[in-house]
Protein chains: 4
Amino acid sequence: MMKEKMRAASIYLFDEKGYSETSIQEIVDEIGVTKGTFYYYFNSKQELLKDINLTYIQFLLGKQEEILKENINYTEKLYRLIYMVISTIKTQRQSARVFFREMRHLSDEHLNIIKRKRNEFRSHFQKMLEEGIEAGEFNSNLRPDILTFGILGMTNWSYYWFNHEGEISEEELAKFYTDMLVNGIK
Amino acid sequence: MMKEKMRAASIYLFDEKGYSETSIQEIVDEIGVTKGTFYYYFNSKQELLKDINLTYIQFLLGKQEEILKENINYTEKLYRLIYMVISTIKTQRQSARVFFREMRHLSDEHLNIIKRKRNEFRSHFQKMLEEGIEAGEFNSNLRPDILTFGILGMTNWSYYWFNHEGEISEEELAKFYTDMLVNGIK
Amino acid sequence: MMKEKMRAASIYLFDEKGYSETSIQEIVDEIGVTKGTFYYYFNSKQELLKDINLTYIQFLLGKQEEILKENINYTEKLYRLIYMVISTIKTQRQSARVFFREMRHLSDEHLNIIKRKRNEFRSHFQKMLEEGIEAGEFNSNLRPDILTFGILGMTNWSYYWFNHEGEISEEELAKFYTDMLVNGIK
Amino acid sequence: MMKEKMRAASIYLFDEKGYSETSIQEIVDEIGVTKGTFYYYFNSKQELLKDINLTYIQFLLGKQEEILKENINYTEKLYRLIYMVISTIKTQRQSARVFFREMRHLSDEHLNIIKRKRNEFRSHFQKMLEEGIEAGEFNSNLRPDILTFGILGMTNWSYYWFNHEGEISEEELAKFYTDMLVNGIK
DNA sequence: TATGAATGAGAGTTCATTCAT
DNA sequence: CATGAATGAACTCTCATTCAT
């Protein structure tokens, strides 16, 4: 409970001001306790960051797994994955930005754990594309590794600009990107 | 000269360790002078960051302008712009990463200057797409604003993973992305 | 307790060497703690100065008030006020000198607070003189405002030269100044 | 010429911001030269302060000497001396405040030089009072040393509050103080 | 569980001063 | 006469962390 409140306050502050620029003091002030309390729940500031990042990437991996085992075609899977990432912005934008931006502050040990998960996410995605190619649903000239980087770049970038209260909805954006990918812009 | 050396050392360190994690001491140690010297050339650490970011974005804007005024069709322009960003990785990768990651440490005043330039870059790109649509070269169903975010996301992301000494060249990557965009993956 | 020790050490050092010339390091060295401790108790060096000045001027105001409400004639009040300021030298000389000399290092906000109190002290003094004139005890040709400045200048100056271990006592000095003021030197 | 400009700029800045708070850079900026130039004319910042203080106290001593050798009675001399100090405010206020406030920043060697002159000024004043007493012009019960401190305190204090553009002129103020001293306030 | 006092290392910045030109 | 580059020591302040209670 208290730990969860701390995580939440930290995500907000880390996103707003950055990990290094946020002091433990500010975190505990936000929820009205003292610094000692923080160290009762976390061994270090860095461990808190690891916690946040791990929670986020595991959330994503879980969602991804659900989609990948559904019984739908690959184009549909592509759409569902893109939509998943984009719709996640509504609730996880801050976590996501903290994830991408602050990862570097982790120790090597923690970093390796996180990177392994991140690579897992990417390789699941890539595997789906490879199967889609094999199944003849996607063009066989494609390089699935590069394609994966491209698609993830496109979707991840939307954490920085997409406004889910704007004129275009998450569904529309996901649809737009999927169409563009599938059919091209010509 | 000295100022240039400082900028170079800082770009390297800011990319490697992050802006906040890099101390002035480390910067000056890197080039064998003392902290006083740093403050002879820069008013503050933040001003140095502004300098770095401004130099980078203006470099990009210059390159972009050259391409946009060439007498070639829009598909070709698209390719050239993508290639430009990707080939820039070889010399500007660190600057680019510093640009995207550390921008937030600028003061409001400096941030506005930088953001204006960044938006300029994006809106030039978007305008090119709009003209391409109008000319019938690109599909008229597209939303040029979202498309711009998508393409820039895809290309900018490659600053984080693309290795110009790897098995695939910049030309190939640019070609791959352009093909994918133009023709789709189906 | 710790805070009080810091205030005391600071008053001593500020008087001896000046506010700007005294470093936080010197203050904490004086009482055997570390710099961090200082900032646990004070937000800034300047806040400490404000604390010192406020304590001093409020001490004076308190003493002044006591005297002014006593049931004695105005000449006696004049003597008592002069004596109060001079006898205060024994315990408050350093605070007083810090007050007069270092006030300028306060921020505008703090300076206003302090100046208001200082003016209060002066205007109470002046009011007493005015009443003494009205009561016919002092010469009606006098300008109470200027007279106030003159008397306070005379007494405050003694913070710089008067030695309470010297051949002349505080009582004598106060008596001397009061006589001089009341009867003139002719 | 250049040296004089530096002195003038420094007096202004030292009075406005304080000796320690004024950097050599600010002084040279004020007159449009560079730091090297400063060190061509002065050996150190402190020497500049000594220069300023010496010039001021010697100016005062000169004026005092003129008055003391005039052929007038002691009451008149008293008035003339008080008037001299007060009228000096118009042109020398800043120098005077720098003198009283910043003296402490001098090295022992310089400080001794200055203090000797200051004591000279005081003892000339005191001697005049003693002669006035001997001549029967002032009350023989007075202690001339203390009286001197009192009068100088009163007049010197006016550097901090007297405004020569205010409703009361320097002549009036000097007259007021002299009257008060001579005849008392009863 | 939670507090609050204390630490100590290091941060960015300032500045009087030097010196080759 | 004057400059501008460079120094180095000191400064105020921050902060993650520890620990007795």
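What share of the 186 residues in chain A is made up of buried residues? In this predicted model, buried residues account for 31% of chain A. The chain is built from 8 helices and 0 strands, and it is divided into domain 1 (1–42) and domain 2 (44–183). Chain A is in contact with chain B, and residues of chains A, B, C and D are among the closest to DNA strand F.

**Fold of chain A**

- Read from the N terminus, the elements of chain A follow the order α-α-α-α-α-α-α-α, with a strand count of 0.
- The C-alpha trace of chain A extends over about 60 × 40 × 25 Å along its principal axes.
- Among the contacts in chain A with a separation of 6 or more, 68% are between residues 24 or more positions apart.

**Domains of chain A**

- Domain 1 of chain A covers residues 1–42, and domain 2 of chain A covers residues 44–183.
- The C-alpha centres of these two domains of chain A are 27 Å apart.
- Contact between the domains involves 10 residues of domain 1 of chain A and 13 residues of domain 2 of chain A.
- Helix α1 (residues 2–17) of chain A provides the largest share of the domain 1 side, namely 6 residues.
- The side of domain 1 of chain A that touches domain 2 of chain A consists, by class, of 6 nonpolar, 2 polar and 2 charged residues.

**Annotated region in chain A**

- UniProt, in an unreviewed entry, places the feature "DNA-binding region" at residues 23–42 of chain A.

**Contact between chains A and B**

- On each side of this pair, 30 residues take part: 30 of chain A are in contact with 30 of chain B.
- In chain A, the elements that give two or more residues to the side touching chain B are α7 (144–161) and α8 (170–183).
- The largest share of that side, 11 residues, comes from α7(A).
- By class, the side of chain A that touches chain B comprises 16 nonpolar, 9 polar and 5 charged residues.

**Relation between the copies**

- The same surface serves both copies, as 100% of the contact residues of chain A recur in chain B.
- Chain D is superposed on chain C by a rotation of 180° with 0.1 Å of shift along its axis, at an RMSD of 0.1 Å.
- D:Gly184 is the residue of chain D that comes closest to the rotation axis, with its C-alpha at 1.7 Å.
- Here too the same surface serves both copies: 100% of the contact residues of chain D recur in chain C.

**Chain pairs without contact**

- Chain A and chain D do not touch, and their nearest C-alpha atoms are 30 Å apart.
- Chain B and chain D are likewise joined by no contact, with their closest C-alpha atoms 12 Å apart.

**Surroundings of DNA strand E**

- DNA strand E is surrounded by 30 residues, of which the closest are A:Gly36, B:Ser23, B:Tyr39, C:Gly36 and D:Ile24.
- At least two residues of the surface near DNA strand E come from each of the following: α3 of chain A, α2 (24–31) and α3 of chain B, α3 of chain C, and α2 (24–31) and α3 of chain D.
- The surface near DNA strand E divides into 10 nonpolar, 14 polar and 6 charged residues.

**Surroundings of DNA strand F**

- DNA strand F is surrounded by 30 residues, and the closest are A:Ile24, B:Val33, B:Gly36, C:Ser23 and D:Gly36.
- The surface near DNA strand F receives at least two residues from each of α2 (24–31) and α3 (35–41) of chain A, α3 (35–41) of chain B, α2 (24–31) and α3 (35–41) of chain C, and α3 (35–41) of chain D.
- By class, the surface near DNA strand F has 10 nonpolar, 14 polar and 6 charged residues.

Notes:
Residues numbered from 1 in each chain as written. Chains lettered and ligands numbered in written order. Predicted model: local features only at pLDDT ≥ 70, side-chain atom pairs only at ≥ 80, totals over all residues. Domains from an automatic or database assignment. Contact = placed C-beta atoms within 7 Å. Helix = DSSP H or I, 4+ residues; strand = E, 2+ residues; numbered from the N terminus. Nonpolar A, V, L, I, M, F, W, Y, C, P; charged D, E, K, R; others polar. Near = placed C-beta within 6 Å. Buried ≥ 20, exposed ≤ 12 C-beta atoms within 10 Å, placed from the backbone. UniProt positions renumbered as here; feature names shortened; annotations may be inferred. Least-squares fit on C-alpha atoms with pLDDT ≥ 70 in both.
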